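This report is for a reader meeting the structure for the first time. Please look over the sequence and the model before reading on.

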Amino acid sequence: MALLFKVSVVVAIHIVIFISYNETGEFARYYLPISVILWTGFLLFLNFGLKILKFINKYLAYVVYAAIYFLMCLTICFTMPQKDRITVFEKISSGQFPNAKTLKRGIRKLGFKVENIPVKKLKKINRNIGKTLNKLEEKARAKGEK
């Protein structure tokens, strides 16, 4: 796996957890970049050893990478600051999962605008998707007949 891919997975995991549980309080602006830097450094530190392991057995290396990412998720869930002082792990284990409103608020906290798609536009998009699928089916049938 390329190093850029590994770093992007680290960043993506942090962003997904932050968007899902975004009631982080004042320390989140420090926690997220520091955590990303520390986990990236940890992966860079292990990179050479994992390359050797990948040379020996690539499937075992993928299992180790998955274990590292799982460990990272657990660590973030236990250490990410929350306003109510309840860890993300405790929230997940008690069944407090994010809803659409929470996700939109988290996306807004990251600085992106979240706007609702008007119903007319959504219907037009669905119609165009249907037309495209019909065309693809016709092309597949035409190739099958030849």
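## Basis of the report

The structure is a predicted model. Every value given here was computed from that model.

## Packing of the helices

Two packed helices are described by the angle between their axes and the distance between the axes. For α1 and α2 the angle is about 150° and the axes are 10 Å apart. Angles over 145 degrees count as roughly antiparallel, and α1 and α2 are therefore roughly antiparallel to each other. The crossing of α1 with α2 is right-handed. On the α1 side, the residues that meet α2 are L3, K6, V7, V10, V11, H14 and F18. Their counterparts in α2 are A28, L32, S35, V36, W39, T40, L43, L44 and N47.

Helix α2 also packs with α3, at an angle of about 165° and with the axes 10 Å apart. This pair, α2 and α3, is therefore roughly antiparallel as well. The crossing of α2 and α3 is right-handed.

## The nonpolar core

The largest nonpolar core holds 21 residues. Those with the most contacts inside this core are V10, I13, I17, Y69, M72, I76 and M80. Three helices each supply at least two residues of the core: α1 (3–20), α2 (28–56) and α3 (58–79). The largest share is that of α2, which gives seven residues.

With its neighbours within four places in sequence left aside, I13 is in contact with Y69, M72, C73 and I76.

## Salt bridges

How many salt bridges does a search of the whole structure find? The search finds two. One of them joins E23 and R105, whose closest N and O atoms are 3.1 Å apart. E23 has a relative accessibility of 30% and counts as partly exposed. R105 is likewise partly exposed, at 30% relative accessibility.

The other salt bridge is formed by K91 and D84, with the closest N and O atoms 3.4 Å apart. K91 has a relative accessible area of 7%, so this residue counts as buried. D84, at 41% relative accessibility, counts as partly exposed.

Apart from neighbours within four places in sequence, S35 is in contact with H14 and I76.

With a relative accessible area of 62%, R29 is exposed, because the cut-off for exposed is over 50%. R29 and L71 are 42 residues apart in sequence. In space, their C-alpha atoms are 22 Å apart.

Notes:
Residues numbered from 1 in each chain as written. Predicted model: local features only at pLDDT ≥ 70, side-chain atom pairs only at ≥ 80, totals over all residues. Heavy atoms only, no water. Core = buried A, V, L, I, M, F, W, Y, C linked by side-chain atoms within 4.5 Å. Buried < 20%, exposed > 50% of the residue type's maximum accessible area, 1.4 Å probe, protein only. Helix = DSSP H or I, 4+ residues; strand = E, 2+ residues; numbered from the N terminus. Contact = heavy atoms within 4.5 Å. Salt bridge = Lys/Arg side-chain N within 4 Å of Asp/Glu carboxyl O. Axes fitted to C-alpha atoms, helices over the stretch in contact; angles between N-to-C directions. Parallel < 35°, antiparallel > 145°, perpendicular 65-115°, else oblique. Left-handed = near helix turned anticlockwise from the far one by under 90°.
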